[in-house]
Amino acid sequence: MVSKKVIAVLCTVMAASYPLSITGSTCSVYCEEAASSETQEMLYSISYDSNGGTGKVTEHEPVSAGELVKLSVWALKLEGYSHCGWTDGVNTYERGQEIEMPDHDLVLTAVYKKLYTLSYEDVTPYGYELPIGDQSVVPGTEISLGNYAMHKGDAAFNGWLVNGVHYNQSSSFIMPEEDVYVAVDWLDPINWAFSSGVNDQYCSPDLSYQRYPGKSATLPDGDRLSRVGYKLTGWYDKENDIEYSLEAQVVVPYEDKTYYAIWTPIKVGVSFDANGGQGTMSRIIKTIGESFDIPECTFTREGYKLLAWKSYDNYFYPGENVQAHIEDFGDSMKCSAVWIEDNINPGDLNNDGICEMTDLTLLSLYILGDQDIADDIKDNADIIRDGNIDISDMSALKQYILKEHIILGLERE
């Protein structure tokens with residue numbers, strides 16, 4: 001490109017060389033025309049090829065190289081496609097992008113991306129409406145997913161399934177080059193249970209809750225489950241052989257789960273009551289469930305002998321092996337002496353010092369009226385000590401002899 005200054009110099013040279021044919025005014029006109037011609041050559045144009053689409057495009061005035069030009073912002077329409085920009089065959093530009101004009105005319109061709117369908121599960125049955133419906137989306141678009149407090153029966157809203165892949169609530173995904181179906185990912189609860197692990201009438205009922213898998217949860221504390229004579233110190237997972245402390249944090253599993261109580265026996269005192277007798281007996285300290293032998297009675301009562309020890313509603317012989325137990329919180333195991341007159345041996349009807357089938361036969365014959373018994377042993381026939389001799393006494397003596405479940409009319413373990 002020749003500048004005006006160079007043209008002026010050329011004119012001066014030409015005027016000096018040809019004084020007869022070129023005048024100053026002639027040279028001036030020539031220089032202006034030459035400069036004007038050079039200015040026109042510096043302007044370049046932009047045109048657009050819709051590439052099958054329809055719609056409006058921006059018309060540009062020619063500009064010189066290096067000037068900034070804002071490309072057409074209008075989106076062309078093409079069925080099933082989205083107009084996403086322009087290309088000159090080498091570079092691709094966004095609609096409305098500012099570019100620097102090259103030193104040549106520019107033909108830009110429309111660039112399209114195929115549209116894909118984004119559709120959603122209908123959530124109106126669960127009390128919600130999605131903010132947007134089904135739509136056509138350009139691949140690469142970020143799609144935001146909502147968070148709704150929905151329920152489907154017992155099942156809770158647990159996020160979304162995007163073409164079968166789980167996404168959390170309030171997350172997002174990038175639209176792929178395929179149709180996408182977004183469905184609710186429902187989470188069914190499991191039965192989360194806590195068992196005492198024992199068949200004990202003095203233990204509180206087992207606990208059971210509904211919990212949603214994968215969520216963090218706190219195991220129950222020591223006040224949720226109780227057992228007389230024991231302290232709850234933890235929970236045991238049998239399937240995985242893991243012990244947990246009370247109120248430990250765990251992740252709720254995806255299947256029904258039962259944890260079992262870890263019990264620590266507490267100490268109890270076994271005391272002995274004279275129940276009208278005289279003397280003292282030392283208390284025994286045992287843990288709940290620990291076995292021990294009932295001691296001989298060192299209490300005395302004039303005119304009486306010990307028939308049995310009574311604890312709650314149970315009766316025990318001296319020397320019998322029993323387990324320490326209590327029946328209410330804060331109790332101790334109290335054994336009271338049960339006395340009977342020295343001259344009475346309940347159940348011994350033939351006066352041989354033992355209770356056996358011969359005594360049961362004599363009692364049966366007496367009750368039926370087929371045989372009498374001596375007056376001095378009739379007290380022995382009153383097995384249940386109610387002042388009468390009847391079928392109840394015969395039944396009690398029979399149970400004692402055959403099963404050793406009755407001690408002369410008094411229940412025992």
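Let's start with a charge and a ring: in this predicted model, K114 lies over the face of Y81, at 5.9 Å from the ring centre.

Searching the whole structure gives 15 aromatic pairs. One of them joins Y48 and W86, whose ring centres are 4.6 Å apart and whose planes make an angle of 50°. Because planes under 30 degrees apart count as stacked and those over 60 as edge-to-face, this pair is classed as tilted. Follow the chain and you will see that the pair links distant parts of it: Y48 belongs to strand β2 (residues 46-49) and W86 to strand β6 (residues 81-87), 38 residues apart. Are these two residues buried or exposed? Y48 is buried, with a relative accessible area of 17%, and W86 is buried too, at 0%.

Further along, look for a group of rings: W192, F194, Y209, W235, Y244 and Y259 make up one aromatic cluster.

Our last stop is a sheet. Here 5 strands form an open sheet with mixed pairing, in the order β26-β25-β31-β28-β29. At its edges are β26 (284-287) and β29 (314-316), each of which pairs on one side only. From one strand to the next, the twist averages 35°. Strand β25 (residues 267-273) runs parallel to strand β31 (residues 333-341), and the two pair over 4 bridges. To find a place where they meet, go to F272, whose bridge partner in β31 is C335.

Methods: Residues are numbered from 1 along each chain as its sequence is written. This is a predicted model: local features need pLDDT of at least 70, side-chain atom pairs count only at pLDDT 80 or more; totals for chains, interfaces and linings use all residues. Side-chain values use heavy atoms; hydrogens and water are left out. Rings of Phe, Tyr and Trp (its six-membered ring) pair if their centres lie within 6.5 Å; planes under 30 degrees apart count as stacked, over 60 as edge-to-face and the rest as tilted. Buried means under 20% relative accessible area, exposed over 50%, partly exposed in between (1.4 Å probe, protein chains only). A charge sits over a ring if NZ of Lys or CZ of Arg is within 6 Å of the ring centre and within 35 degrees of the ring normal. Two strands pair if DSSP finds at least two bridges between them. Axes are lines fitted to C-alpha atoms, for helices over the stretch in contact, and angles run from 0 to 180 degrees between N-to-C directions.
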